[in-house]
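Here is a briefing on one chain.

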Amino acid sequence: MRTLKRPPAPSLKKDWRETLFTMSGGLCAYCTVRLEQGWEADHYLPQESFPELQDCWYNLLPSCKPCNRAKWDFVPEALRDKTIIPPEANTTTPHDFVLDARYLPHKAASERILEPTFDNAEEHLEFVPSSCEFKHTSLIGACTVKEIFAHREMTEELTKTSLTMYNLARDRSPNDTVQSVIALSKFPVLAEILLQYWQEFFPPKSSTE
Ligand SMILES: [Zn+2]
């Protein structure tokens, strides 16, 4: 996961999807896989439990199908059975909380999934290239790994990416070849990390050799 900066809500709702896509550079906000056609706008707090947040910009994240499916209807314990309203709602509506990035995550405490536009991803998760897995460095990270990153699609695809990067490093492929493979990779961000990992075993030849 990477930290993302959320822009203000586009005034027209039909532009929301495209803006979410641009916000994450076309990658899943959770696992960073390249988003394919039919990607889903995930409700960070599920709409079944929080119908008031169904059309709330601050509750949406671009997600690949496997991450969205893995996360499904996860609700942090501290927010269970609470009424949460969007920041733009009339606060005279009965509610427990307002969805506010500076406030709500603290209420949800540490038993919640990392929200990359609320949280600094680096404080919670670390990608371990040797095992192609995310390791948690906080309770929020642990919850994220448990609730989302246990899906098979991710491990399988990352193992393939790692093998590709291993081959490029071992063959000491020219940099432009490596860069074009990374640009087409399903996991462009993690492919970079995997490449650096393998290059430690097969250092690229220096230009003076
Ligand atoms: Zn994903």
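Cys132 sits in the loop between strand E5 (125–128) and strand E6 (133–136). Helices (H or I, at least four residues) and strands (E, at least two) are DSSP runs, numbered from the N terminus. This is a predicted model: local features need pLDDT of at least 70, side-chain atom pairs count only at pLDDT 80 or more, and totals for chains, interfaces and linings use all residues. Residues are numbered from 1 along each chain as its sequence is written.

**The E5–E6 hairpin**
- E5 and E6 form a hairpin, with four residues between them.
- The two strands pair in the antiparallel sense over four bridges. Pairing requires that DSSP finds at least two bridges between two strands.
- Phe127 has Phe134 in E6 as its bridge partner.
- Cys132 has a phi near 55°, a positive value in a residue other than glycine. Most residues other than glycine have a negative phi.
- Is Cys132 buried or exposed? Cys132 counts as buried because it has 21 C-beta neighbours inside 10 Å. The cut-offs, with C-beta atoms placed from the backbone, are: buried if 20 or more other C-beta atoms lie within 10 Å of a residue's own, exposed if 12 or fewer, partly exposed in between.

**Helix H5**
- H5 covers residues 152–170, which is 19 residues.
- Its first and last C-alpha atoms are 27 Å apart, close to the 27 Å expected at 1.5 Å a residue. The expected span is 1.5 Å times one less than the number of residues.
- The buried residues of H5 are Met154, Leu158, Thr161, Ser162, Met165, Leu168 and Ala169.
- Seen down the axis of H5, these buried residues fall within an arc of 120°, so they line one face of the helix. The arc is that of the directions from the helix axis to the C-beta atoms.
- On the other side of H5, Arg152, Glu156, Thr159, Asn167 and Arg170 are exposed.

**After H5: Arg172**
- Arg172 follows H5 and lies in the loop between H5 and H6.
- Its phi is near 45°, again a positive value in a residue other than glycine.
- Arg172 counts as partly exposed because it has 13 C-beta neighbours inside 10 Å.

**Whole chain**
- The chain has seven helices and six strands.
- From the N terminus on, the order of elements is α-β-β-α-β-β-α-β-β-α-α-α-α.
- Along the principal axes, the C-alpha atoms fill a box of roughly 70 × 35 × 30 Å.
- Of the 209 residues in the chain, 33% are buried.
- Among contacts between residues at least 6 apart in sequence, 63% join residues at least 24 apart. Two residues are in contact if their C-beta atoms, placed from the backbone, lie within 7 Å.

**Domains**
- The chain is divided into domain 1 (13–117) and domain 2 (153–201). These bounds come from an automatic or database domain assignment.
- The C-alpha centres of domain 1 and domain 2 lie 31 Å apart.
- The contact takes six residues from domain 1 and eight residues from domain 2.
- On the domain 1 side, the touching residues divide into four nonpolar, one polar and one charged. Ala, Val, Leu, Ile, Met, Phe, Trp, Tyr, Cys and Pro count as nonpolar, Asp, Glu, Lys and Arg as charged, and the others, Gly among them, as polar.
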